Amino acid sequence: MLIDRLCKQTGLTRAQIDRYAETASNRYKTYSILKRNGNERIISQPSREIKALQRWLVRVLFQHFPVHQSATAYAKGSSIRINAERHVDSNYTLRVDFQDFFSSFRSEDVGRFLSVSNQKLNFDIRLEDISIITKIVSRHGRLTVGAPSSPMLTNIMMYDFDYHLNKWACERDVVYTRYADDIFLSAMKGEHLNGAMGSISSFASDFVLADIKINSQKTVFLSRKARRSITGLVITTDRDVSIGRDRKRKIKSLIYLQKMGILENSKLSYLRGMLSFISDVEPEFYETLSRKFGDSFVSAIMNGAETGVEDALF
């Protein structure tokens, strides 16, 4: 039984695991962050103990389920750059967003999925295991943004949806990727995307493992003639992937302020994260910054070392 294995590997008693499962919903810290559009995103982060149990389930159980190749978020060997690169050879992109994606998955949906999958894949999961798993991965009966198990769990549960939408796309010379709750469909000709919204809505309606709904307010049709943004990256007119000119100007300005020793600490944290992000998704621009401001100075910012006027002088 899976729970017996959990006890053996963690050193927890069965009584302790039962108690964590029963009280899991009360072991979350909830806060909000401001999104780019000005709206708030609610984050529910589990306690250290629940987080450790969720990560154990990801490592021991969830990662052994199939994830469709079109699902590019949180997948091993993938990234937002790889997701964007799949669309560079197209001229038109339809971007569709799911509404309240993670919370659309209920604990009973997770339980039903595990029960059916256990029969198909011959996992040694008992009903008792499923009961505890669903409590550990959910808060008040739903998955949450902030829980380490939610991304992997939604990816494996969305396999059939990804399969059917990808099949629809391939039959029409359309590229399909899904990055968590963001769907991207791209084609060389705009008419190839005709009927896409109807098909997405139909597949979502037929999906039995969650009550997923399209956020019509965030549906956008993009063309190569204008700025195409895919998972926060820009597809340039010469078919390359970039963080965008506005971000580049902002980052250069922040590095200059840090060079002068007058950058606020709150903005320094943002800059540090952006430099790490750039080194991964657009290394050419990172090299440009290193040449302009000095490799040791830029590296020191990204690695968290103290920088300022003295670094600029010496």
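**A pocket and a helix pair**

Helix α5 contributes six residues to the lining of the second largest pocket, the most of any element. The model is a predicted one. The space inside this second largest pocket comes to about 440 Å³. Its lining consists of 19 residues, and those nearest the centre of the pocket are F113, K120, M157, D160 and L209. Two or more lining residues come from each of α5 (107-121), α7 (150-157), α8 (159-170) and α9 (196-206). By class, the lining of the second largest pocket holds 13 nonpolar residues, two polar ones and four charged ones.

The second topic is the helix pair. Two packed helices are described by the angle between their axes and by the distance between those axes. For helix α3 (residues 48-60) and helix α6 (residues 127-137), the packing angle is about 125° and the axes are 9 Å apart. Helix α3 is therefore oblique to α6, because an angle over 145 degrees would be needed to count as roughly antiparallel and one of 65 to 115 as roughly perpendicular. The crossing of α3 past α6 is left-handed.

Which residues make the contact between α3 and α6? On the α3 side they are I50, L53, Q54 and L57, and on the α6 side I133, I136 and V137. Six residues of this contact of α3 with α6 are nonpolar and one is polar, while none is charged. The lining of the second largest pocket, by contrast, includes four charged residues.

Key:
Residues numbered from 1 in each chain as written. Predicted model: local features only at pLDDT ≥ 70, side-chain atom pairs only at ≥ 80, totals over all residues. Heavy atoms only, no water. Axes fitted to C-alpha atoms, helices over the stretch in contact; angles between N-to-C directions. Helix = DSSP H or I, 4+ residues; strand = E, 2+ residues; numbered from the N terminus. Parallel < 35°, antiparallel > 145°, perpendicular 65-115°, else oblique. Left-handed = near helix turned anticlockwise from the far one by under 90°. Contact = heavy atoms within 4.5 Å. Nonpolar A, V, L, I, M, F, W, Y, C, P; charged D, E, K, R; others polar. 1 Å grid on protein atoms, 1.4 Å probe; cavity = no way out; pocket = protein on both sides within 12 Å on 5 of 7 lines; lining within 4 Å. Points joined across faces, edges and corners; volume = space filled by probe spheres on them.
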